[in-house]
Amino acid sequence: MTLLGIIIEKPISQSCLKKEIEYRNLNEWTKISYPTIYKKVGDLENKGYLNSSTVQNMNYAPKQVYQITTLGIEYFDELMEKIS
C-alpha cells in the first residue's frame, strides 16, 4: 500500500521511490529495504497494478519509471477501505 500510495502521486523510478520513503520517514513505520522495493514493484507490475517505461536521460543511464494503472488505483482504494 505504501508503494502504491507514492506511485499514485506521480510516475517514479525505484531509486526515487526509496528516496521518497526515506524523505517521508516511512521507513520508521515500515521496514522497506531496497531489495523489498525492487521485488514488490515487480510483483505489482506482474499483477497489472503498475506499468513501466524506460526513460533515457542524456546525462544518466536509462531507468525504469513506474506509474499506476486503473486496476492499481482500484486495488489501492480497496486497501485503503480495509484499513480505515
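The largest share of the lining of the largest pocket, 4 residues, is supplied by H3. Please keep in mind throughout that the model is predicted.

**Exercise 1.** Describe the largest pocket by its volume, its lining and the classes of its lining residues.

*Solution.* Begin with the volume, which is about 250 Å³. Next, take the 14 lining residues, of which Met 1, Thr 2, Leu 3, Lys 40 and Leu 44 are the closest to the pocket's centre. Then assign the lining to elements: helix H1 (2–7), helix H3 (34–46) and helix H4 (70–83) are those that give two or more residues.

**Exercise 2.** Find which element supplies the largest share of the largest nonpolar core, and list the contacts of Ile 37.

*Solution.* The core has 17 residues, and those with the most contacts inside it include Leu 3, Leu 17 and Ile 37. At least two core residues come from each of H1, helix H2 (14–23), H3, strand E3 (60–68) and H4, and the largest share, 4 residues, belongs to H1. With neighbours within four places in sequence left aside, Ile 37 is in contact with Leu 3, Gln 14, Leu 17, Lys 18, Ile 21 and Ile 32.

**Exercise 3.** In what order do the 3 strands of the open sheet lie?

*Solution.* The order is E1-E3-E2, with antiparallel pairing. Strand E1 (12–13) and strand E2 (50–57) are the edge strands, each pairing on one side only. Between E1 and E3 there are 2 bridges, and Ile 12 stands opposite Tyr 66 in E3.

Terms used
Residues numbered from 1 in each chain as written. Predicted model: local features only at pLDDT ≥ 70, side-chain atom pairs only at ≥ 80, totals over all residues. Heavy atoms only, no water. 1 Å grid on protein atoms, 1.4 Å probe; cavity = no way out; pocket = protein on both sides within 12 Å on 5 of 7 lines; lining within 4 Å. Points joined across faces, edges and corners; volume = space filled by probe spheres on them. Nonpolar A, V, L, I, M, F, W, Y, C, P; charged D, E, K, R; others polar. Core = buried A, V, L, I, M, F, W, Y, C linked by side-chain atoms within 4.5 Å. Buried < 20%, exposed > 50% of the residue type's maximum accessible area, 1.4 Å probe, protein only. Contact = heavy atoms within 4.5 Å. Pairing = 2+ DSSP bridges.
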